[in-house]
Amino acid sequence: MVVASGGINGCDQKVRNHWQPAWGQSPEVILNGSHQFADGLLHDAVTQVGGNVTHLEKMWDYAAGVHHPRPRKPRHGLSLVPPKSALWMTAQGTRFGPEPLVSGYDTWELVRRVCEQEQKYSWAILNRKIALKELAISGAESNPSVRDKKKLKFLKTILFGNRELVDDMVENCVDFVTGSTVEELAEKMNALENPVKVEAETLLREISAYDAQLDRPVKYRNDEQLRRIAHLRQYRGDRVRIAKDQKILDPKAMPLIAIRQFIISRKSLGGIQTNLDGQVLGEEGYPIDGLFAVGEAAGFGGGGVHGQRALEGTFLGGCVLTARYAAQKIAGDLV
Ligand SMILES: Cc1cc2nc3c(=O)[nH]c(=O)nc-3n(C[C@H](O)[C@H](O)[C@H](O)COP(=O)(O)OP(=O)(O)OC[C@H]3O[C@@H](n4cnc5c(N)ncnc54)[C@H](O)[C@@H]3O)c2cc1C
């Protein structure tokens with residue numbers, strides 16, 4: 001018997017029970033960015049027959065989840081790839097600092113920084129021009145041209161912006177609001193009935209301070225986010241997807257957009273303990289006869305082979321690899 005049932009991150013209770021201690025208290029809202037059958041029921045069944053389930057706190061969650069516009073399950077979330085030129089703000093509308101939050105470097109750390117706040121959600125503040133160029137959502141559902149291998153369409157969205165995606169989210173996602181002024185934006189942010197309010201003056205001060213940096217010659221810009229953007233834009237693949245010197249309050253880039261972002265659960269790096277042949281191990285470390293676990297159920301094969309801060313996109317490989325090893329062992333035993 002081979003357990004290949006995925007992780008535990010579709011189960012809100014299990015995610016909370018095994019919340020990563022370094023992230024502090026679990027947030028009030030955790031969206032589900034996994035599938036609803038990633039409920040860990042087969043992890044429980046394996047425990048019942050003496051198998052060792054371990055390191056479930058080594059989970060991989062994201063810091064920029066929004067409610068799915070057309071939910072198909074409770075707490076159904078989408079994980080944004082937050083625009084690099086957007087400002088990442090606390091629940092109160094102040095910029096995270098002194099080190100600003102910038103996506104694409106250390107996902108684990110982004111979750112830790114957001115959860116360090118008393119209110120464990122955040123805002124992205126941007127404008128339509130930035131959204132068109134940089135906003136993306138992780139997963140095949142939100143990237144049909146990649147999924148269906150439509151290279152021309154993919155190229156078009158890279159070059160001219162993903163209008164379809166931006167318009168859909170602005171019109172249908174409850175966490176997106178727009179405004180032609182900072183005052184209007186703050187008013188709409190506050191209308192979402194959050195536990196704390198955003199002051200328009202604070203928001204304006206924070207945005208203006210960032211925009212003012214862009215008035216300086218490049219060599220005098222002293223902002224870590226701008227430094228990273230400048231560095232990323234040296235690589236062509238990033239240059240086409242990151243705006244150049246884009247101010248938030250640029251009148252030609254309106255309207256302003258605010259996105260309320262929640263923690264969203266996704267992947268398990270812990271799970272059913274196995275040996276390198278995929279055989280499930282009991283607590284004493286001996287294999288249980290005839291019982292195997294592979295893929296995310298086994299924490300991508302023995303506790304997250306790429307480490308706790310694994311690189312994006314490296315998860316599926318471990319799933320395939322562990323399944324191959326288990327299959328080889330099973331086939332070998334049959335001969
Ligand atoms: C939106 C999203 C985007 C991702 N993007 C990437 C990426 O870009 N790169 C990357 O490397 N990884 C990515 N991942 C992670 C990767 O997709 C998963 O880790 C991988 O699919 C896990 O494979 P698996 O076969 O172990 O489990 P799953 O793909 O989760 O499959 C488990 C299957 O078991 C079924 N099941 C569960 N319980 C039972 C039961 N009791 N009885 C019968 N069937 C059951 C489920 O319905 C499901 O079909 C992403 C994950 C998500 C959710």
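E193 is found in the loop between α8 (182–190) and α9 (200–213); helices here are DSSP runs of H or I with at least four residues, strands are runs of E with at least two, and both are numbered from the N terminus. The structure is a predicted model, in which local features need pLDDT of at least 70 and side-chain atom pairs count only at pLDDT 80 or more, while totals for chains, interfaces and linings use all residues. Residues are numbered from 1 along each chain as its sequence is written, and side-chain values use heavy atoms, with hydrogens and water left out.

**Backbone geometry**

Most residues other than glycine have a negative phi, and most peptide bonds are trans. E193, although not a glycine, has a positive phi of about 55°. This residue counts as exposed because its relative accessibility is 72%; the term exposed applies over 50% relative accessible area, buried under 20%, and partly exposed in between, with a 1.4 Å probe and protein chains only. R75, likewise a residue other than glycine, has a positive phi near 60°. R75 lies in the loop between β4 and β5, and its relative accessibility of 29% makes it partly exposed.

Two cis peptide bonds may be described next. One runs from G97 to P98, with omega near 0°, and P98 is placed in the loop between β6 (87–89) and α3 (107–116). Another joins M254 and P255, with omega about 5°; P255 is located in the loop between α11 (236–239) and β10.

**The surroundings of H76**

The loop between β4 (59–67) and β5 (77–81) also holds H76. With a relative accessibility of 6%, H76 is therefore classed as buried. Its side chain reaches the backbone nitrogen of R72 at 3.0 Å. This is a polar contact, that is, a pair of N or O atoms within 3.5 Å; within protein, one atom must be able to donate a hydrogen and the other to accept it, and residues adjacent in sequence count only if both atoms are side-chain atoms. When residues up to four places away in sequence are not counted, H76 touches N32, V66, H67, H68 and P71, where contact means heavy atoms within 4.5 Å.

**The ligand site**

The ligand is surrounded by 17 residues, of which the closest are H35, E296, F300, F315 and L316; a residue belongs to these surroundings if one of its heavy atoms lies within 4 Å of the molecule. By class, the shell divides into seven nonpolar, seven polar and three charged residues. In this scheme Ala, Val, Leu, Ile, Met, Phe, Trp, Tyr, Cys and Pro count as nonpolar, Asp, Glu, Lys and Arg as charged, and the others, Gly among them, as polar. β10 (256–268) and α13 (315–334) each supply at least two residues of the shell, and α13 gives the most, with three residues.

| Residue | Protein atom | Distance to a ligand oxygen atom |
|---|---|---|
| E296 | polar side-chain atom | 2.6 Å |
| G313 | polar backbone atom | 3.2 Å |
| L316 | backbone N or O atom | 2.7 Å |

Taken alone, the ligand exposes 1,000 Å², and the protein buries 58% of that; accessible areas come from the Shrake-Rupley method with a 1.4 Å probe.

C319 is found in helix α13. Because its relative accessible area is 18%, C319 is buried. Leaving aside residues up to four places away in sequence, C319 touches G295, E296 and F300. C319 and A4 are separated by 315 residues in sequence, yet their C-alpha atoms are 9.1 Å apart in space.

**Helix α5**

P144 lies in helix α5 (residues 144–147). At 31% relative accessibility, P144 is therefore partly exposed. P144 and F154 are 10 residues apart in sequence and 8.7 Å apart in space, C-alpha to C-alpha.

**Domain arrangement**

The domain assignment of the protein chain gives domain 1 (2–27 + 35–58 + 269–334) and domain 2 (63–264); such bounds come from an automatic or database domain assignment. The C-alpha centres of domain 1 and domain 2 lie 33 Å apart. To the contact, domain 1 contributes 15 residues and domain 2 contributes 12 residues.
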